Structures are given as structure tokens and as C-alpha cells.
Amino acid sequence: MPQSADKVLDHAPLFREPEYREMLARKKAEFENMPPREEVRKVADWTKSWEYREKNFARESLSVNPAKACQPLGAVFVAAGFERTMSFVHGSQGCVAYYRSHLSRHFKEPASAVSSSMTEDAAVFGGLNNMVDGLANTYKLYNPKMIAVSTTCMAEVIGDDLQAFIATAKQKNSVPGDFDVPFAHTPAFVGSHTTGYDNMLKGILEHFWKGRERLAGSTAVNIIPGFDGFAVGNNRELKRMLDVMGVEYTILSDVADQFDTPSDGEYRMYDGGTTLESVKAALDARATLSMQEYCSQKSLEYAAGFGQETAAFHYPMGVAGTDEFLMKVSEVTGKPIPEALRMERGRLLDAMADSQSWLHGKTYAVYGDPDFVYGMARFILETGGEPKHCLATNGNKAWEEQMNALFASSPYGAGCRAWPGKDLWHMRSLLATEKADLLIGNSYGKYLERDTGTPLVRLMFPIFDRHHHHRFPVWGYQGALRVLVTLLDKVFDRLDDETIEPGVTDYSYDLTR
């Protein structure tokens, strides 16, 4: 065998060794009962036709690789952004393993969450005993300051009442009576991870704000980042800009430190996060601003009910998106936008002008969460590009109308289209029939890249097959500069691949770009 203690191979070259090639070929011939390769290729080619595209878009009762996750993932993510908070997911243990795996594989950090470990008996008789025992174990073993409870499909299908279960658990001394246990119902069979983020955040705000009166007079603002795979870099860039402006603020769920702990010999189950005292004080803020509308609709409505001014943005990436956010912060707080930020804006515009000839006219297919797709498309239009196919599985009719208004605002938006509720198999048909120069999304897009030849730019959660992208911002002027360079690098890498043959394709000042 090629694998030995003296010759340890990574899995990629290992499976190219003759022994493994023979084993896989035998498996295919003897067990998989595959039709002839020519027939497979014929059908595969047909699925890239306009005829198949029409059939594909006519389907109603099947999703193929939707570009979204389920509600509890968003609930676990938002809870991680509060001080010493442990997520407690009322449901099966396998579900929680999925949430932890997704977060840890993306951020390359441990992601802690516990489960009530519901099995068949709990599915029949209810999960009260699991809740009572689970909260007691969580409190004793992990020493949290808060336990945030959410649900999976199993608990929602049988109708478990979280509020009653938590009250009963406190009566049975699982946790002290005054211990903070906010909760949210997050059924995984409706909505998406952005819905779960919103539901859990509202549950936490309601836990600390309900029954209290807001004290007016503060100029502070609350910021809701939303579900964001670049939260480590983005939250820090957001705080830097607000600090430069001299604004008093509270980030409602700050996961930056939790998902970026140092290696110094100490394991940190909890790190950073918004303090519970800050959450209580956030009731008195003048305004609550959300960086992503579709991650915070219920939470903003709840804040507005206390008299706070509210506003939502669509992933403020690029010039106009950052302008809009900073001007709103200035309007709410009375703080002027300082010269330092104006200079950053000017440098971004200079960089865009320097490179406009390479991005002007490029066509893009973009998929991901509704706010990300909007913000990305907006920035593409600023570069003179055309966001041709914009797809959000968890987008709705309102999002489609917002996207259409965005397209109408620019001459480069003509012919661009938004696709709410569609999945990545729909995107495959779009790329096969109406090609784009670049594809922007998450790691799952690599299969579309292989199948359609469309180069993939990874800018959306989850990113499993590249490292440390989340440590750098994409928000603000500095973040937009990073996105600009990322797009340009992909364009130039593609050009290098196409001009690699000496004396045949390597003309036109190959080193002068």
C-alpha cells in the first residue's frame, strides 16, 4: 500500500494511487450498476440545455442543494455573541452536531452548544425530562452566565412549550430561579438560519427588556450585525469605524472574539461577547440599526415598540452601502463623519478607478443570503459589472422587488434578474444557458465551478475549503477594498490560465496589468 509510517500521504494524492484507483473502479463496476459512460454524458449535456432549464424551473415540490441552512443554526450563532452564553438546543443530538460542525469548520474554532438529546421516548411523551436534566447538567458542567434555548424539528412537531418547560426546570432547581434562560422557538422546517437568528435575538432582548420602561435621552445606538460568515473581520471593522466617529454603541451579539480565540495555552469555551449588563442597558439606546434587514425584522419591530428609532441595511459593502450606513449613524447620533473615513472612501474610489477597465462589463452570478446578495450586487454595479443572476433561496417577493429597484438604478442592471426561493440546481441551469464570467457564493459553488467552468469567488458562509477569509472585513470602505482585490485576483488568475502557452497565448504585455 502507498500509505506507511515513512510515507504519509494527504487524502488527495492518496486516492490517486493505483491501489485506490483499482478499488474504486471495481466498486463502480460490481456494485453501482452504472449505465455506460456515453449515456451518462449524453444526459448530463442535456441537463445544461434550455429545454431542461424550463423543466427545472417548473418544479415546485423539490429542493436540490438550497443555499440556506435551518433556523437553529442561526440561533446558535447569535447566542455565541453574548457573554459566557451556552446554546441549549432542545432536540436531537445529531442536529446540534451539525450546527457545531458548520461553525467550527468555517471559523476554524471550537463551537460549543449542548442538546437535550431527545430520542424516541421524548418524541412520544414530550421532552420535559430532557429539559430538566439538560439544563441542570449544562449549568453545573459549563458554568455559563446565560443559557439560550432554541428548538429543532422534533420538539416543534410535538409542540413542546419552552416557557413552561424552563419554568418547571427552575422549580426543580435545575438552575437558580433568577438565572437567565432566554428562549426562542426555531422550527427547522420553516424559514432559514437568518430567521432563527432573528427569533433568538428577539428572545434574548425580550428576556431582558420585557416589563421595563425605556429611559429617553441617550444618544447611544445598538447595532445588530446579523448572520455573517465574515463576522470576525466585519465586527471589528464596524467597531473601528464607530470608534473613529466617537459614537457610543452596543453590538447586539458580538461573536468576533468567540470565533477568533488566540493560541496561548488556555482553552476558552467562552470569549468576548456582549455583556449581559450591556444588553439590559441597550433598552435605553436612541436607535437600533441592523446591518442586515432579513436577519432582524422581528427584533427591530420589538425595539421600535419601545420608542427606539430603527433602520436596516443590506450588508453595507462598497461605496454607497457604507455611505448610507455612516450617514444614518451620523444623523441618529449627531456625530459628524470624520476626515479619516472620508479619506478611506477616497482611497477606495481611487482603487476602483485604477482597476475599472478589468471589471467593467464583467458578468456575475451571485447567490447567498438576501442581504449579502443585495450588497454584493450593489458593489458589482459600482464597478461597472453586471450582476446577471442573483439567487437567494431564503429570499422572498419583497426582496425580489428591492433587487429589481437596484437593477433599475444603474444602466449596468439591464438584463439582470433576481431569483427568490430558487436553489443551486436552478443556478446550474442559469450558468449553463446564460453564462457569467464569475460566480460569487460559498464553498458549495465549487461543484458549479467544475460543472460549468465558471470561476468561483468565495465570499459567503460557509467557506470550508479555504482558510481565514473570515478574519478580514468586507464591510466598510476598507472591506470593499478587500473585495475589490479578491475579484481582481480571480480575473487575473483566469487570464493567467488562458495565456499560459509560450509563443501562442502569452502575448499582450503579460506582466503589465
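Student: How many bridges pair strand β8 (residues 363-367) with β11, and in what sense do the two run?

Tutor: β8 and β11 pair in the parallel sense over three bridges, where strands are DSSP runs of E with at least two residues, numbered from the N terminus, and pairing needs at least two DSSP bridges between two strands. This is a predicted model, in which local features need pLDDT of at least 70 and side-chain atom pairs pLDDT 80 or more, while totals for chains, interfaces and linings use all residues. Residues are numbered from 1 along each chain as its sequence is written, and side-chain values use heavy atoms, leaving out hydrogens and water.

Student: Which residue in β11 partners Y364?

Tutor: The bridge partner of Y364 there is L438. β11 also pairs with strand β12 (residues 456-458), again in the parallel sense and over three bridges, and in that pairing I440 of β11 has V457 of β12 as its bridge partner.

Student: And where do the β11 residues point, and are they buried or exposed?

Tutor: In strand β11 (residues 438-441), L438 and I440 point one way while L439 and G441 point the other way, and all of them are buried, meaning under 20% relative accessible area with a 1.4 Å probe, protein chains only. In a regular strand, side chains alternate between the sheet's two faces.

Student: OK, new topic: what order do the strands of the open sheet take?

Tutor: The open sheet has four strands in the order β5-β4-β6-β7, with parallel pairing. Its edges are β5 (249-251) and β7 (309-312), each of which pairs on one side only. Strand β4 (residues 221-224) is joined to β5 by three bridges, and V221 stands opposite Y249 of β5.

Student: How many cavities are there, and what is the volume of the largest?

Tutor: The count is four cavities of 30 Å³ or more, a cavity being a set of points on a 1 Å grid where a 1.4 Å probe fits but cannot get out.

Student: What about the second largest cavity, what is its volume?

Tutor: The second largest cavity has a volume of about 60 Å³, and its lining includes F227, D228, Y315, D369 and F461. The lining of this second largest cavity divides into seven nonpolar, two polar and two charged residues.

Notes: On a 1 Å grid over the protein atoms alone, a cavity is a set of points where a 1.4 Å probe fits but cannot get out, and a pocket is an open set with protein on both sides within 12 Å along at least five of seven lines; lining residues have an atom within 4 Å of a point. Grid points are joined across faces, edges and corners, and a volume is the space filled by probe spheres set on the points. Ala, Val, Leu, Ile, Met, Phe, Trp, Tyr, Cys and Pro count as nonpolar, Asp, Glu, Lys and Arg as charged, and the others, Gly among them, as polar. Buried means under 20% relative accessible area, exposed over 50%, partly exposed in between (1.4 Å probe, protein chains only).
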